[in-house]
Amino acid sequence: MSEKKNEFLKKTPFRIKRYYAYILATIVGLSLPFIRINDNHIFLLSFDKKQLHLMGVAFDMQELYLMPFLLMLLFLGIFAVTAIGGRAWCGWTCPQTIFRVIYRDLIETKLLKLRRIKNKQKEPDWKKPENATKRVIAIILWSLIAIVAASDFMWYFIPPEDFFAYLQDPTEHMFLIGFVLSIAAFIVYDTIFLKEDFCAYICPYSRVQSVLYDNNTLQAIYSTNRGGNIYNENKEKIIFKQKDLPNEQDECTTCESCVTVCPTHIDIRKGLQLECINCLECVDACTTVMGKLGKPSLVQWSSTNEIEYNKKTKFFRRSTIMYFVALLIVLSLLFVMGGEKEHMLLNVNKTTELYKIEDNNKVSNNYLFLFQNTDSKKHKYNLEIVDNKDIKIERFNPFLLSPHRMRKKVVILSTTKQLVNDNTKDTPITLTIRAYAVDDPKISVLRKAVFVYPRADKLK
Ligand code: SF4
Ligand code: SF4
């Protein structure tokens, strides 16, 4: 690596890494819906097919008992990451931040030269016709990207193969097209007009973050010990020029580079604020300023313990250990529950007629069986009664069922033997029915059914 590049990386320790993180998150977000394992998706919540796909396994709506575990994983993961690395998700992977970086830093700044990366506070003069034209171009470009982003969002609910098939026949799928365009319109409004206000006032995560922070949480922190107090205890700014700093050794140059670069328009020297998304742009800015003076940055990605109290940051502490233990438990439960997935579903319901008695005292009961093939292959299903040799399956023929399809079957069970001799009442007899795929020994389910045998005086 050239000396110049080395020097650049030294001066901006997080900028390049941040852009790599944005590129990686974008590639993952865009490509994930297209990756399939055994014909199933890595993640898909299809309301159309009433299915959840997870890591290449398809679960039907009846199996959505996994959903609470997924939500627990999501929340515990966010809590753990926040307790350790602050709002790392916000500054480094959140789509909102990536949208803003693409629109503000790439389109408006790099492409159209409307702004400067180093000064995100200064709005271009929109009254200038040249700037107004550039703004229109920026909005058009962003609108096109927003349509791709909205479609990508939909691919987690409607798989891309169906999505593109639906688009071939737009008149039949106006609702889908309208929905995608509405999401795109919101993304345009959010990115161009709502901006970082979304992070500060709408996103609930910013509200809970301070509860999850402690003195060991990594975040962008200004060292008042080295730089000096720019704000008083009431969070009022008291220092505007370096010469006003009370101590000679206070190092802040009051250049405001850390303030102007901040996408959420805050001054990190004021302390922790809920608007801070942990993007570390202020760290990069101060690294450059202080680097020129041969000193380390006054704003660091570190913990309060390290910066304020000169103590080592403790990554393994009570709260983080508890989060990881809880994560491990939920993850294990998810694997156990996911492993118990049934590759066929079967509902057994008795019809309203209790029983039928034929001339030779043959008694029959009718049932409605609902079969569902939740596997990704076609299977042939059959039935057997496992715990009652006297009751036979009178009407049912093995049949083929395609993947993810359902079929209703009327099944008749009957007996010619006298099972009970009771003159006072009909007798319910519980029996166990096994439904199985004849072509796959792993696919088998057991269901209880009730066979009603008539009172003795009804028999001839
Ligand atoms: S203070 Fe501003 S620039 Fe610094 S990490 Fe927070 S949001 Fe980013
Ligand atoms: S960039 Fe560093 S030196 Fe400049 S105002 Fe911010 S903290 Fe002070």
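What percentage of the 460 residues in the chain is buried? Buried residues make up 44% of them, where buried means under 20% relative accessible area, exposed over 50% and partly exposed in between, with a 1.4 Å probe and protein chains only. This is a predicted model, in which local features need pLDDT of at least 70 and side-chain atom pairs count only at pLDDT 80 or more, while totals for chains, interfaces and linings use all residues. Residues are numbered from 1 along each chain as its sequence is written, chains are lettered from A and ligands numbered from 1 in the order in which they are written, and side-chain values use heavy atoms, with hydrogens and water left out.

**Overall form**

- The secondary structure of the chain comes to 15 helices and 16 strands, these being DSSP runs numbered from the N terminus, with helices (H or I) of at least four residues and strands (E) of at least two.
- The chain is more spread out than a compact globule, because its radius of gyration is 33 Å, well over the 23 Å that the globule rule gives for 460 residues; the radius is taken over C-alpha atoms, and the rule is 2.2 Å times the number of residues to the power 0.38.
- Along its principal axes, the C-alpha trace spans about 115 × 55 × 45 Å.
- Of the contacts (heavy atoms within 4.5 Å) between residues at least 6 apart in sequence, 65% join residues at least 24 apart.

**Aromatic pairs**

- The structure holds 22 aromatic pairs, counted for rings of Phe, Tyr and Trp (its six-membered ring) whose centres lie within 6.5 Å, with planes under 30 degrees apart called stacked, over 60 edge-to-face and the rest tilted.
- One stacked pair is formed by Phe371 and Phe396, at 5.9 Å centre to centre and with 20 degrees between the planes.
- Phe371 lies in strand β10 (residues 363–373) and Phe396 in the loop between β12 (392–395) and β13 (399–401), so this pair ties together parts that are 25 residues apart in sequence.
- Phe371 is buried at 0% relative accessibility, and Phe396 is also buried, at 13%.
- Tyr381 and Phe399 form a tilted pair, because their ring centres are 6.0 Å apart and their planes stand at 55 degrees.
- That pair links strand β11 (residues 379–385), which holds Tyr381, with strand β13, which holds Phe399, 18 residues apart.

**Ligand 1**

- Ligand 1 is surrounded by 13 residues, the closest being Cys262, Cys276, Cys279, Leu280 and Cys282, where a residue is near if one of its heavy atoms lies within 4 Å.
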